[in-house]
Amino acid sequence: MSKDIDICIEHVTRVEGHGNIVLNVKKGKIEKLEWQISEAPRFFEAMLRDRDYTELRPITSRICGICSIGHSLASLKATEDALGVKNTEQTGIFRRLAINAENMQSHILHVGYLAVPDLLGVGSVFPLVGSKHQETLLKIVKLHRLSNEMSDLICGRTTHPITLVVGGFSSLPSKKQLLTLKEKLEDGLKTTQEVAKVIKSVENNFPDFTRETEYIGLTSDQEYALYDGDIASTDTGRHPDYKNYRKIMQEYVVPFSTAKHAKHKRDSYMVGALARFNLNSNKLHTGAKKVANLFNLKPINYNPFMNNIAQLVEFVHNIEDSIKWIDTLLDEGFEYEKPVDIKLKEGRGVGIVEVPRGILVHDYTLNKKGKCVKANCIIPTNQNHANIQKDMEEFVPKIINKPKKEIELNLEMLVRAYDPCISCSTHYLNVIFK
Amino acid sequence: MKPKVAFFDFSSCEGCQLQIANLEEEVLDLIDIVDVVSFREVMKEHSDDYDIAIIEGSIMRPMDVSRLKKIRNNAKILVALGACATIGGINKIRNQWPSEEVKKEVYGDVGLEGNKYFDAFQTKAIDEVVPVDYYIHGCPINRDEFKHVITSLALGKKPIIPSYPVCVECKKKENVCLFEEGKFCLGPITRAGCGAICPTHGSPCEGCRGILKKPEIECVMEILERYDLTYEELKSKCKMYNYGMEECK
């Protein structure tokens with residue numbers, strides 16, 4: 001334990017956005033260890049000032065390319081909450097299909113394209129072409145395609161959805177298209193099980209590391225909460241007073257990061273697939289529970305690397321859940337409904353949804369002309385930055401005697417396990433001071 | 001020899017690079033004709049030896065300017081990818097206020113002066129900083145257009161980008177005009193190439209592919225008059241994607 005180490009990984013690869021890992025060790029003692037965010041701040045909430053309520057959804061969608069559907073839904077829920085809009089049940093079903101599609105797309109991208117290369121010992125998915133893993137790669141691509149086709153069908157487009165509007169949808173798929181989608185989803189379920197077996201065979205390549213922390217996400221009595229539910233914590237239980245979300249998600253600024261950090265009862269907390277699993281695993285559909293059992297994943301699991309597996313479990317759940325909702329729509333029949341009529345009024349609205357990386361809040365205040373006067377967004381990745389930092393502080397002493405290259409890889413894998421979305425987390429505004 | 005391609009990103013949502021992953025199996029065809037040497041979002045390897053640099057995002061900080069200039073020096077061909085890069089897009093909305101004011105509204109007074117990460121100036125498109133050879137428009141880009149541009153460049157040809165309005169593509173799809181439904185659509189002044197994807201799904205065009213160099217302004221005025229709308233309202237609609245460029249008379 002007397003060695004010196006200098007690690008500076010500028011712009012960690014295979015994550016969304018720009019982040020750096022800095023580690024300086026002198027005579028075995030950690031002198032500096034920082035998870036830095038260097039992405040340019042984008043000032044989104046400032047840009048929403050004075051915008052019409054119909055423009056808030058398309059603008060905030062552009063916070064993130066990967067979770068644009070999630071931002072759209074949080075934005076619509078906030079706008080509708082402010083205007084007192086009551087949506088139809090059918091809108092709720094189609095929005096659940098939209099959120100499932102996005103969760104699938106994002107999770108398979110992360111597990112398949114960004115995390116699997118580490119497990120197979122390669123630098124990206126490209127070397128897998130023509131290797132013995134080509135078949136697995138093609139299965140992953142097929143599942144990715146399925147997820148995107150589903151988003152295209154429900155939302156008009158995968159990235160930056162078109163059909164999601166205040167009070168409903170601007171267009172809907174046909175019954176025939178939904179039936180075809182259902183057949184593809186059923187086939188996708190089988191493919192996912194095959195991919196799960198491959199990941200199982202290399203699961204020992206995930207570092208063995210646990211650190212007790214708090215997990216925060218939505219929870220619901222009706223379902224595995226994604227579109228709707230109460231804020232909940234593994235430490236403090238349910239918090240139904242959603243408009244007071246700031247009591248739970250306390251954000252603050254740190255100088256080495258253009259993204260804010262957050263905490264609740266402890267120094268940090270975690271959001272995302274593992275947090276949702278830890279809170280709501282009993283609400284998963286049968287196939288998803290089987291995949292969790294395959295990996296012996298049980299709540300509360302404190303290993304951040306298992307977030308990858310929780311994503312795989314959720315992927316299966318999202319397929320099963322989508323099949324269930326498509327069956328409901330086809331059995332009961334559906335017609336295109338015009339969006340609910342809007343009556344402008346002054347007020348504040350808060351929209352909370354679960355997006356692939358965790359719980360997301362949009363909070364708008366509108367004036368009587370329907371223009372936005374104040375906006376705040378709480379982004380999942382921001383809520384995870386402090387937890388990544390705390391994990392690193394506990395993880396580094398455990399791996400400090402490994403060769404430098406291995407320490408680097410382990411730290412990168414830790415960051416990747418969180419699937420950070422850095423563009424999102426530097427959307428910026430409204431600061432709460434420590 | 002396959003041309004060497006490198007991807008870079010500045011201020012953006014990275015959704016345009018994501019469209020490349022969204023080409024699915026066709027990505028494999030793509031790496032048949034070009035050699036991807038740098039693509040941080042999906043690969044660990046990196047090289048500064050490339051022919052074509054593809055750039056997503058807007059420029060907002062002095063540290064971004066120096067990075068972009070280095071890339072321009074290294075590349076034979078520079079391509080701007082997506083609205084943030086081609087026109088500044090959504091990122092330019094904040095240009096209606098001075099940067100200092102936006103920063104103050106955002107961070108309050110937390111003593112970040114001199115911190116290079118936070119040193120933001122007004123949003124610039126790529127060609128406001130270095131010369132751009134080709135543009136792939138849209139928010140997000142159209143995957144088919146991306147394939148067309150890359151294939152053309154790999155073959156040493158000039159890619160063709162439409163110079164007519166979205167209305168042309170919308171008419172071809174036999175959509176009912178959204179002005180008829182009481183919606184304000186920027187199709188008449190916006191560059192086509194998206195297949196009129198938004199109007200086809202019942203949502204008005206927001207102008208993400210940029211305003212045409214020479215819109216048929218007389219026709220546009222006629223449309224506005226027919227639906228009892230004003231040129232001022234048109235300009236205000238343009239402030240979502242084309243802030244500072246909304247004057248099209």
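## Nonpolar core

A nonpolar core is a set of buried Ala, Val, Leu, Ile, Met, Phe, Trp, Tyr and Cys residues joined through C-beta atoms within 7 Å. A residue is buried if 20 or more other C-beta atoms lie within 10 Å of its own, exposed if 12 or fewer, and partly exposed in between; the C-beta atoms are placed from the backbone. In this predicted model, the largest such core has 183 residues. Those with the most contacts inside it are A:Ala98, A:Val313, B:Ala53 and B:Ile55. Helix α4 (residues 89–119) of chain A gives the most to this core, 13 residues. Helices (H or I, at least four residues) and strands (E, at least two) are DSSP runs, numbered from the N terminus. In soluble globular proteins, nonpolar side chains tend to be buried together.

What does B:Ala53 touch? Leaving out residues up to four places away in sequence, B:Ala53 touches B:Ala6, B:Phe8, B:Ile71, B:Asn74, B:Ala75 and B:Leu78. Two residues count as in contact if their C-beta atoms, placed from the backbone, lie within 7 Å.

## Model and confidence

Residues are numbered from 1 along each chain as its sequence is written, while chains are lettered from A and ligands numbered from 1 in the order in which they are written. Because the model is predicted, local features need pLDDT of at least 70 and side-chain atom pairs count only at pLDDT 80 or more, whereas totals for chains, interfaces and linings use all residues.

The model scores ipTM 0.92 and pTM 0.93. pLDDT is the predictor's confidence in each residue, from 0 to 100. Chain A averages a pLDDT of 91, and 94% of its residues score at least 70. Over residues 427–434 of chain A the pLDDT is below 50. Beyond near neighbours in sequence, that stretch has 28 contacts in the model.

## Chain A

Chain A has twelve helices and 14 strands. Its radius of gyration, taken over C-alpha atoms, is 21 Å. The C-alpha trace spans about 70 × 50 × 35 Å along its principal axes. Buried residues make up 54% of the chain. Of the contacts in chain A with a separation of 6 or more, 73% join residues 24 or more positions apart.

The domain assignment gives domain 1 (5–37) and domain 2 (44–425) of chain A. Such bounds come from an automatic or database domain assignment. The centres of these two domains, taken over C-alpha atoms, are 26 Å apart. A:Glu412 lies in helix α11 (residues 404–417). A:Glu412 is partly exposed, with 18 other C-beta atoms within 10 Å. Its C-alpha atom is 31 Å from that of A:Thr236, 176 residues away along the chain.

## Chain B

Chain B has ten helices and five strands. Its radius of gyration is 19 Å, close to the 18 Å that the globule rule gives for 249 residues, so chain B is as compact as a globular protein of that length. Its C-alpha atoms fill a box of roughly 55 × 50 × 25 Å along the principal axes. Buried residues make up 46% of chain B.

Chain B is assigned domain 1 (4–154) and domain 2 (166–237). Their centres lie 27 Å apart, over C-alpha atoms. The contact takes nine residues from domain 1 of chain B and seven from domain 2 of chain B. The domain 1 side has three nonpolar, five polar and one charged residues. Here Ala, Val, Leu, Ile, Met, Phe, Trp, Tyr, Cys and Pro count as nonpolar, Asp, Glu, Lys and Arg as charged, and the others, Gly among them, as polar. B:Met1 sits in the segment before β1 (4–9). B:Met1 is exposed, with 5 other C-beta atoms within 10 Å.

## Backbone details

A cis peptide bond joins A:Pro299 and A:Ile300, with omega about -10 degrees. A:Ile300 lies in the loop between α8 (286–294) and α9 (307–332) of chain A. In chain B, the bond from B:Cys139 to B:Pro140 is cis, with omega near 0 degrees. B:Pro140 lies in the loop between β5 (134–136) and α6 (143–154).

A:Lys27 is not a glycine, yet has a positive phi of about 50 degrees. A:Lys27 is in the loop between β2 (19–26) and β3 (29–37) of chain A. A:Asp50, also not a glycine, has a positive phi of about 70 degrees. A:Asp50 is exposed, with 12 other C-beta atoms within 10 Å.

Methods:
The radius of gyration is taken over C-alpha atoms; the globule rule is 2.2 Å times the number of residues to the power 0.38.
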